[in-house]
Amino acid sequence: MPPDRQGGGSGSRIASLDDRPLSGIFGINKPSGPLSMVLLDDIKELFAYNRQGGGSGSRIASLDDRPLSGIFGINKPSGPLSMVLLDDIKELFAYSSLFKNPDGSLPAENGGRGWRGGKRKTGLSKAERKKNAPPKIGQGGTLDPLADGVLVVGVGRGTKQLQRFLDCTKEYRSTGLLGTATTSYDCKDPILLRAPFQHVDRETILEALPRFRGDLKQLPPYFSAIKMDGKRLFDYAREGLELPRPIEPRNVRVEQLELVEWHPVGSHAAIKMDGKRLFDYAREGLELPRPIEPRNVRVEQLELVEWHPAGSHAKDVALPGNCIEWHVFEKALKEFEEDTVERDEQGLAEWERILLSRIQPC
């Protein structure tokens, strides 16, 4: 409706929920780079999402949203590959009523060429596989196997929202060991070289940090998932193959870089016995020459922060952003494999109820 017919004019009134469906004019401070039409397509997708009740915290998903589409977060533990976790939950989703039509039929977009029924339900006939197939699923940026943190997952129409998570600012916290480099830059891989480090102190690190803030050219490591001629770099590395050409540096921006904690030289050294570290005895399966001697320590404060009664340790705990702890799905997969799933009066398992309460539907 024209502004003057609503008591219009610039700044005359602020829109409210009473104006729904909203119509009007607004301005965007367009940055240099993207096409105007690309920006319009992006906000068009946001507006469509809002019409469906989407957005952070706007509403809780329900059975009326079947087949369920949306975005949620998983608190990924250190160790497993992100894609392995996705493959595991894909199997749960394939057999869940949440991702089927209300009448129990399978949505046309579910499945895919690679779907064979999942590793926990082997031996299914082709007809049975057609009745149970996973929705489209993706992630908003993979995490390294050793990293723990938020793995953003999109399901169904939610996969179209994942690009904005790839482009957003991310926060990392890591621990580095000075004077040591490994083949892949990860702590579990073979040591490639050692260098003197005794001269480095806290002030040395603080003086060096400004050089790594702002806009930088970053050279991706040889062990990375970046593809070159259709092959991932870490596959070249693992197979001992030379790269077709040098790795190109990438533009990155470091908004903030801080030294959170400093461990002086020798303050976190491994305990040795007869010149050999204790964990080396353990890794090599060797007996200790003698019992480990107890050491004097002083505990200034010890508190019980939270208590979980026996059997309740698998209860989901709300994390920032309403992420779901991975053990929720881990427990569900075990019950699924053993056919011990308990369901409520709506036919939902525990993990399905938790997912409904955490997913942002779209």
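This briefing describes salt bridges in the structure above. The structure is a predicted model, in which local features need pLDDT of at least 70 and side-chain atom pairs count only at pLDDT 80 or more, while totals for chains, interfaces and linings use all residues. Residues are numbered from 1 along each chain as its sequence is written, and side-chain values use heavy atoms, with hydrogens and water left out. The model holds 10 salt bridges, each defined as a side-chain nitrogen of Lys or Arg within 4 Å of a carboxyl oxygen of Asp or Glu.

**Pair between loops**
- Arg290 forms a salt bridge with Asp274, with 3.1 Å between the closest N and O atoms.
- Arg290 lies in the loop between helix H7 (278–283) and strand S12 (324–325), and Asp274 in the loop between strand S10 (272–273) and strand S11 (276–277), so the pair ties together parts 16 residues apart in sequence.
- Helices (H or I, at least four residues) and strands (E, at least two) are DSSP runs, numbered from the N terminus.
- Asp274 counts as exposed at 54% relative accessibility, whereas Arg290 is partly exposed at 39%.
- Buried means under 20% relative accessible area, exposed over 50%, and partly exposed in between (1.4 Å probe, protein chains only).

**Pair within a helix**
- Lys331 and Glu335 form a salt bridge whose closest N and O atoms are 3.9 Å apart.
- Both residues lie in helix H8 (residues 326–338), four residues apart, about one turn of the helix.
- Lys331 is partly exposed at 30% relative accessibility, and Glu335 is partly exposed at 22%.

**Network**
- Salt bridges with shared partners join Asp215, Arg253 and Glu255 into one network.
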